[in-house]
Amino acid sequence: MQIDGYFNVRDEPVIRLDVGSSPLEFLVDTGFNGGLIIPDQVAGGLEIKYDRGLEELYSVTGEVFLASGCSMELSWLGQRIRVPVATSAQISESILGGQMLKDCLLTIDYGRRTVTIVAS
């Protein structure tokens, strides 16, 4: 099983994941070591379990922002799994981080403009 992604209009590598009633686009960010970050305005319509309280996270520029520690079920490489999620009003796009890529091979081909994730 593999997940195929693409480059969005801002030239960023993204994938779509089934997180409920409709797929959600996630920016692939290998600099983020967590699981998923979802903006509050998107998270409101999802089945998210708020289970860890507020956490301090750091943006790529080193700025601190607050996020609610949560978890949710989603389809990942052909399996339904529960993953850690942070939600925040201070972010504008959903992000997939390195924790989701454990035991995976991520291929980002800028020439062909493709993104592929497979189990390694």
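Tutor: Helices and strands are DSSP runs, numbered from the N terminus. In this predicted model, the chain has one helix and 10 strands.

Student: In what order do the elements of the chain run from the N terminus on?

Tutor: The order is β-β-β-β-α-β-β-β-β-β-β.

Student: How does the radius of gyration of the chain fit that of a compact globule?

Tutor: A compact globule with 120 residues would have a radius near 14 Å, and the chain agrees because its own value is 14 Å. The C-alpha trace spans about 40 × 30 × 25 Å along its principal axes.

Student: What share of the residues is buried?

Tutor: Buried means under 20% relative accessible area. Of the 120 residues in the chain, 42% are buried.

Student: How many salt bridges does a search of the whole structure find?

Tutor: The search finds six. In one of them, Arg 113 pairs with Asp 11, with the closest N and O atoms 2.6 Å apart. This pair links distant parts of the chain, 102 residues apart: Arg 113 lies in the loop between β9 (104-109) and β10 (114-119), and Asp 11 in the loop between β1 (2-7) and β2 (13-18).

Student: Why does Arg 113 count as partly exposed?

Tutor: Partly exposed lies between the 20% limit for buried and the 50% limit for exposed. Arg 113 counts as partly exposed because its relative accessibility is 39%. Asp 11, at 45%, is also partly exposed.

Student: Which residues meet in a salt bridge at 4.0 Å, N to O?

Tutor: Those are Glu 73 and Arg 82, through their side chains. Elsewhere, salt bridges that share partners join Arg 10, Glu 12 and Glu 93 into one network.

Definitions and conventions. Residues numbered from 1 in each chain as written. Predicted model: local features only at pLDDT ≥ 70, side-chain atom pairs only at ≥ 80, totals over all residues. Heavy atoms only, no water. Helix = DSSP H or I, 4+ residues; strand = E, 2+ residues; numbered from the N terminus. Rg over C-alpha atoms; globule rule 2.2 N^0.38 Å. Buried < 20%, exposed > 50% of the residue type's maximum accessible area, 1.4 Å probe, protein only.
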